[in-house]
Amino acid sequence: ITNEYKKYLSSFSYISCREKSGCDILCSCLKKSVTQVLDPTLLIKAEDWRKIEVVPRTGQFVLCYLLGNRSTIVEFAKRIADKKGLPLVLVTIESDIIEKYHRFVTNGIGPLELLGLIDKCDTCITDSFHGTAFSVIFHKPVFVFNRHRHKVNSRMESLLTAFDLKDCLLDSEEKKIVAIDKQFDWKTVDKNKEELLKKSIE
């Protein structure tokens with residue numbers, strides 16, 4: 001496979017990749033520089049995303065947006081919601097999670113409604129890359145879990161590392177305890193984002 005990559009990619013004058021791990025693999029394979037760039041969602045400003053979002057509810061709430069079926073993520077979200085004294089809104093299509101936590105589930109959520117929920121929530125707990133990305137775009141405190149218990153999502157890890165938010169990837173009980181009181185430095189996040197933005201659009 002490596003030889004096939006070399007054959008077809010060696011003629012490219014410029015190569016970029018979204019994940020740091022992908023950059024490292026390609027650099028090693030091709031023996032040339034590969035630039036890490038932003039996911040396309042992060043190339044668009046928050047105010048432009050707000051032009052198309054749909055806000056399905058009012059008031060403050062904690063959002064839990066799940067693609068996987070780990071109930072431990074919902075339990076953490078409940079802890080955050082209880083600590084803040086806010087209702088929990090759960091968005092998922094996993095039947096096991098819906099059955100167990102049906103009183104928190106919000107139905108009828110499409111892409112535009114999801115944008116609105118992330119934009120208006122107090123805090124977002126998610127195992128989704130785009131849930132994480134839009135939380136960063138909208139400056140929402142975000143806590144991220146791997147979708148599978150023992151498998152690190154390289155996209156998520158690359159994104160959080162790029163914005164100095166790697167401690168928001170909660171892959172241990174110790175991190176969960178500390179996370180509850182985390183303060184987010186959005187100035188640093190935006191500075192890192194601007195630097196990557198320049199590389200991404202060059």
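Buried means a relative accessible area under 20%, exposed means over 50%, and partly exposed lies in between, using a 1.4 Å probe and protein chains only. By this scale, Asp164 is exposed, with a relative accessible area of 52%. This is a predicted model, in which local features need pLDDT of at least 70 and side-chain atom pairs count only at pLDDT 80 or more, while totals for chains, interfaces and linings use all residues. Residues are numbered from 1 along each chain as its sequence is written, and side-chain values use heavy atoms, with hydrogens and water left out.

**Two residues with positive phi**

- Asp164 sits in the loop between helix 8 (154–162) and helix 9 (173–179); helices (H or I, at least four residues) and strands (E, at least two) are DSSP runs numbered from the N terminus.
- The phi of Asp164 is positive, near 55 degrees, in a residue other than glycine.
- His139 also has a positive phi, of about 60 degrees, although it is not a glycine.
- His139 is found in the loop between helix 7 (129–137) and strand 6 (142–144), and it is partly exposed, with a relative accessible area of 31%.

**Gly68**

- Gly68 belongs to the loop between strand 3 (62–65) and helix 4 (71–84).
- With a relative accessible area of 8%, Gly68 is buried.
- Leaving out residues up to four places away in sequence, Gly68 touches Thr92, Glu94, Ile97, Asp127 and Arg147, where contact means heavy atoms within 4.5 Å.
- Thr92 is 24 residues from Gly68 along the chain, and their C-alpha atoms are separated by 8.1 Å.

**Helix 1 and helix 2**

- The axes of helix 1 (residues 2–9) and helix 2 (residues 20–30) come within 10 Å and cross at roughly 80 degrees; axes are lines fitted to C-alpha atoms, for helices over the stretch in contact, and angles run from 0 to 180 degrees between N-to-C directions.
- The two helices are therefore roughly perpendicular to each other (65 to 115 degrees; under 35 is roughly parallel, over 145 roughly antiparallel, and the rest oblique).
- Thr2, Tyr5, Lys6 and Leu9 of helix 1 make the contact with Leu26, Cys29 and Leu30 of helix 2.

**Nonpolar cores**

- A nonpolar core is a set of buried Ala, Val, Leu, Ile, Met, Phe, Trp, Tyr and Cys residues joined through side-chain atoms within 4.5 Å.
- The largest nonpolar core has 55 residues, of which Leu63, Leu90, Ile125 and Phe163 touch the most other members.
- Helix 4 gives the most to this core, with six residues.
- A second, separate core has seven residues, including Cys23, Leu26, Cys29 and Val34.
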